[in-house]
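Subject: Structure for your review

Dear colleague,

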Amino acid sequence: MKCRKIIAMALTAVMSLSLTACGGAEKGTSESGGGDDGKTYNVGICQLVQHDALDAATKGFKDALTEKLGDKVKFDEQNAQGDSPTCATIINSFVSGNVDLILANATAPLQAAVAGTVDIPILGTSVTDYATALDIKDWKGTTGINVSGTSDLAPLDEQAAMIKELFPDAKKVGLFYCSAEANSLYQVETIKTYLEKDGYTCTNYSFVDSNDIASVIASAAKNSDVIYIPTDNTAAANTEVVKNTCVPAGVPVVVGEVGMCKGCGVATLSISYYDIGYTTGEMAYDILVNGTDVSSMPVKYAPKVTKQYNESICKELKLEIPEGYEKIETEEKE
């Protein structure tokens, strides 16, 4: 009897040691991968509207994270189709789903994300000026809240100088933008100061949404020698309307980014939206895997800008483009 009791005690001790060893091995496996083994990160992407620039930024973001995390990152990608209230609905679904990070592609999604959560890290991209978008006074490069990201701002003084270089004899510049986009107004008011110093008379032509673009651009074309359009998402989604009005009227359009220039512009000083999206993806990795505090991450900017021109529209308007501009490659329609 005593022998059986000793054997039973011995077996219990062996089993206990085995379970402890298994538990220790499991913990070691988890720690060996830098803290991300076995974890899948869920990232919500809210993009304001579909057009070349925002599409490129989203692609760059996803490429960067996928290259680093492979199948350990899952994306819930949703498009608001240009409707700000839909941005809020999308963001609320991300918050309810407890995603690990939110990408807000454009200003309206960023504002909706900030209103929707103070806990989930938010990264913006294709946002021109974070201080304007988030109403931050005394801007110092970081938001101090659960937000950071990348800016699509190309130097506005250089854009004004480009207009002067291309159209030195023009008198009136029409500034065309969506009044619902805070960063569009910021760009328009900033570039206006440079253009007026160069002797141009500038007039604002603002539209509320896509429903009144046709009437407002018609007025701008009738009363302007040149039209400038900033990196405005609603305008970017309606470049065909702009082109069909301005080209027959013989009025050149200078725009803030290359996707718009493909559709309706003669020239642009543009950044790479894919590159800023990719940079945002690298920032997301630092937050998700390395535990970097998003509130202290400085907003980042595109490393370079490029002068580009639309050859086909320039030919239609009989414009000579000086040296130093790259031709935009456009897809030929069959």
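The following paragraphs describe how to read the model, then the pocket, then the salt bridges.

This is a predicted model, in which local features need pLDDT of at least 70 and side-chain atom pairs count only at pLDDT 80 or more, while totals for chains, interfaces and linings use all residues. Residues are numbered from 1 along each chain as its sequence is written, and side-chain values use heavy atoms, with hydrogens and water left out.

The second largest pocket holds about 360 Å³ of space. A pocket here is an open set of points on a 1 Å grid over the protein atoms alone, where a 1.4 Å probe fits, with protein on both sides within 12 Å along at least five of seven lines; lining residues have an atom within 4 Å of a point. The volume is the space filled by probe spheres set on the points, which are joined across faces, edges and corners. Of the 21 residues that line this pocket, Leu48, Gly82, Ser84, Glu181 and Thr234 are the closest to its centre. Two or more lining residues come from each of α3 (84–96), α4 (107–116) and α9 (233–236); helices are DSSP runs of H or I with at least four residues, numbered from the N terminus. The largest contribution is that of α4, with three residues. By type, the lining consists of nine nonpolar, nine polar and three charged residues, where Ala, Val, Leu, Ile, Met, Phe, Trp, Tyr, Cys and Pro count as nonpolar, Asp, Glu, Lys and Arg as charged, and the others, Gly among them, as polar.

Eight salt bridges were found in the whole structure, each being a side-chain nitrogen of Lys or Arg within 4 Å of a carboxyl oxygen of Asp or Glu. Among them is the pair Asp135 and Lys137, whose closest N and O atoms are 3.3 Å apart. Asp135 is exposed at 54% relative accessibility, and Lys137 is exposed at 67% (exposed means over 50% relative accessible area, buried under 20%, partly exposed in between, with a 1.4 Å probe and protein chains only). Asp138 pairs with Lys140 at 3.7 Å between the closest N and O atoms; Asp138 is exposed at 60%, as is Lys140 at 68%.

Lys192 and Glu189 also form a salt bridge, at 3.9 Å from N to O. These two residues lie three apart in helix α7 (residues 182–197), so about one helical turn separates them. Lys192 is buried at 16% relative accessibility, whereas Glu189 is partly exposed at 35%.

Yours sincerely
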